[in-house]
Amino acid sequence: MSKIVGIDLGTTNSLVAYMDGKEPKVIADLEGRTLVPSVISVDDQGWIVGERAKQRLLTHPKTTVYSVKRLMGKGLVDAQEERKYFPVSLSEKQPGVIQIELGQYRLTPPELSALILKEVKQRAEEFLGSTVTQAVVTVPAYFNDSQRQATKDAGRIAGLDVLRIVNEPTAACLAYGLQKKKQGVIAVYDLGGGTFDISILKVTKGIFEVLATNGNTQLGGDDLDQRLMELVLRDIQQEFGQDLRKHVESIQQIRLEVEKAKRRLSDEDVTELVIPIEQGMVYRRPMKRVELESLVKDLIDLTIGPCRQALEDAHLSPKDVDEVVLVGGSTRMPLVRRTVEEIFHQTPHCEINPDEVVALGAAVQADILAGGIQDMLLLDVTPLSLGIETMGGGMSVLIPRNSTVPTGAKELFTTFVDGQRSVDIHVFQGERELVKDNRSLARFQLKELDPLPAGMPRIEVNFTIDANGILHVGAKDLRSGREQSVEVKPSYGLSDDDVTRMIQESFKFAKSDMDARQLIEARNEAATILRHTERALNQGGQLIEPDERDRIGDRMTALKTAAEGDDHRLIRERIVQLDKATVRLAESLMESTLQSGLKDKKLSELP
Ligand code: ADP
Ligand code: MG
């Protein structure tokens with residue numbers, strides 16, 4: 001039986017996890033990296049996803065896109081805010097479906113997300129040694145129906161059957177096993193790369209209910225990087241008289257370096273920023289954690305307001321919160337942890353890697369669905385209320401938010417005009433009193449009513465939500481027994497035909513193309529590492545033991561042989577092996593270089 005995997009489809013990074021016996025585990029690539037940057041780029045050979053796409057962000061800004069999640073399930077009218085921040089141009093494919101222009105291509109957010117899903121799917125398949133066709137995918141708690149549906153569409157386009165969409169905070173709680181609590185209130189604080197989300201959940205006997213959500217859609221680790229970058233750019237201008245602001249490649253390098261330094265400062269009190277500039281010049285700057293903290297404190301403080309607001313909306317105070325869970329890479333920062341402690345007056349959970357916890361929880365949910373974990377029942381709840389429009393544009397709720405699914409509701413309605421022959425059933429989702437403020441999901445007509453005085457007909461409207469969270473709406477004229485029903489797909493979104501076509505189109509970038517591209521890249525990398533190793537051996541071969549030299553030689557030969565073949569995985573494996581074998585050599589060279597006073601040059605710059 002094939003495994004069901006859990007996928008965290010993140011704004012900044014995506015991950016895939018599976019259940020290894022009783023324990024969820026994140027799947028890494030051959031180089032040991034667990035995060036796949038949610039970045040997509042395209043060149044004349046096809047799509048590039050993840051780490052290598054991230055490297056192209058600034059060098060190929062017109063054909064590289066990130067943060068696609070912000071546009072999921074949205075039309076241009078819904079995306080006015082996002083639009084300001086997107087460097088690539090956006091248009092509309094049809095009302096309600098955005099298109100992103102990447103070079104000669106125009107793709108919708110679900111298609112782009114599908115590319116990320118395919119990447120993690122492939123990673124899981126390689127690791128598990130079997131095909132993966134089913135997944136649980138997480139979304140933010142505040143995602144509405146179209147955003148959830150768009151996420152499901154992305155799965156279908158990627159060849160994945162999305163068995164369940166799970167709220168990210170719920171997934172985090174699952175990873176911590178908090179569903180086992182009889183009862184409790186949990187605050188999930190999620191500070192990622194570009195977004196901040198706070199969710200207040202209530203758990204009762206295995207069922208999670210979202211009491212309130214809040215956050216800031218334009219706040220995250222990227223903003224901290226930006227602050228650091230501005231500082232470095234100013235420094236470089238003062239010290240070297242160079243303005244690198246317009247120099248995309250330098251900016252890219254600075255961005256990557258400051259981000260790394262920021263991460264190091266989560267574990268160390270002090271670090272050194274080392275950024276090579278042109279002509280062998282190197283910018284160096286020691287940086288203390290306290291400096292970073294004072295540089296970004298105001299940004300972290302921006303998370304306090306939304307937390308207070310969410311508590312207030314849930315009619316709770318900090319002392320009512322039983323547990324606090326940290327999610328998102330940026331919560332590794334000690335300053336963030338202190339801030340959270342101040343808000344909730346307690347030590348938050350951070351035993352599980354905050355950037356992996358959501359994917360791990362998704363794997364737990366997958367296992368529950370697969371029947372692996374049987375001692376607990378887990379149900380989803382509807383994120384928003386569902387109802388129909390009544391006279392005067394009012395919203396009549398049939399299924400209130402936070403109802404556990406599967407669920408159903410019936411209500412009787414009647415006509416307002418004498419002799420009325422048909423009624424319009426207009427389905428809405430949302431919490432507002434008037435339907436104009438809520439989101440229209442679908443509309444249909446119940447026709448051929450017998451002409452009767454107003455108020456006489458009895459029309460039964462029936463809502464059911466199946467275990468997959470899909471809403472079915474039916475209307476029945478109780479007098480004649482005539483019925484009409486629809487499966488409700490959001491009226492803003494991709495049609496079934498669209499999705500089918502996208503699935504077909506996605507075969508254009510079929511596996512053979514992917515393999516060919518990966519082979520070319522693996523060979524290029526092999527050539528580069530072989531060249532560097534050869535040079536390093538020439539310079540410093542005498543610094544290491546003969547048998548170590550021999551081992552490097554053997555691995556070089558093995559890599560050369562692999563590079564002549566066409567198995568890109570084998571080439572990558574051997575690159576990793578050669579890389580490991582040269583660690584000592586690189587260190588020895590570095591030491592001797594430092595001693596000979598050439599310390600400002602990189603290994604690759606040595607004559
Ligand atoms: P998202 O949920 O938005 O996809 P993640 O949870 O993966 O994002 O968080 C990514 C952010 O976390 C990035 O801004 C990254 O710089 C930051 N980050 C990752 N590790 C650390 C760390 N050790 N210290 C500080 N920030 C970190
Ligand atoms: Mg996340």
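**Figure 1. Overview of the predicted protein, with 16 helices and 26 strands.** The radius of gyration, taken over C-alpha atoms, is 28 Å, close to the 25 Å that the globule rule (2.2 Å times the number of residues to the power 0.38) gives for 607 residues, so the protein is as compact as a globular protein of that length. Helices (H or I, at least four residues) and strands (E, at least two) are DSSP runs, numbered from the N terminus. The C-alpha trace spans about 100 × 55 × 50 Å along its principal axes. Buried residues (under 20% relative accessible area; exposed is over 50%, partly exposed in between; 1.4 Å probe, protein chains only) make up 52% of the 607 residues. Of the contacts (heavy atoms within 4.5 Å) between residues at least 6 apart in sequence, 63% join residues at least 24 apart.

Figure 2. Helix 5 covers residues 168–175 and is mostly covered, with eight of its eight residues buried. Among them are Glu-168, Pro-169, Cys-173 and Leu-174.

**Figure 3. The buried residue Glu-460.** Glu-460 belongs to strand 24, which comprises residues 459–465. Lys and Arg count as positive and Asp and Glu as negative; His and the chain ends are not counted. Residues up to four places away in sequence aside, Glu-460 touches Lys-410, Glu-411, Leu-412, Gly-474, Ala-475, Lys-476 and Leu-478.

**Figure 4. The salt bridge between Asp-235 and Arg-285.** The N to O distance of this pair is 3.1 Å. Asp-235 lies in helix 6 (residues 221–240) and Arg-285 in strand 17 (residues 282–288), 50 residues apart, and the pair thus links distant parts of the chain. Asp-235 counts as partly exposed at 22% relative accessibility, whereas Arg-285 counts as buried at 17%.

**Figure 5. The salt bridge between Glu-293 and Arg-338.** The side chains meet at 3.0 Å, N to O. Because Glu-293 lies in helix 8 (residues 289–301) and Arg-338 in helix 10 (residues 334–344), the pair ties together parts that are 45 residues apart in sequence. Glu-293 is buried at 11% relative accessibility, while Arg-338 is partly exposed with a relative accessible area of 39%.

**Figure 6. Further salt bridges, from the 27 that the structure holds.** Salt bridges that share partners join Asp-29, Glu-31, Arg-33 and Arg-123 into one network. Arg-106 forms a salt bridge with Glu-101, the closest N and O atoms being 3.5 Å apart. Arg-106 is partly exposed at 49% relative accessibility, and Glu-101 is partly exposed at 24%.

Terms used
Residues are numbered from 1 along each chain as its sequence is written. Chains are lettered from A and ligands numbered from 1 in the order in which they are written. This is a predicted model: local features need pLDDT of at least 70, side-chain atom pairs count only at pLDDT 80 or more; totals for chains, interfaces and linings use all residues. Side-chain values use heavy atoms; hydrogens and water are left out. A salt bridge is a side-chain nitrogen of Lys or Arg within 4 Å of a carboxyl oxygen of Asp or Glu.
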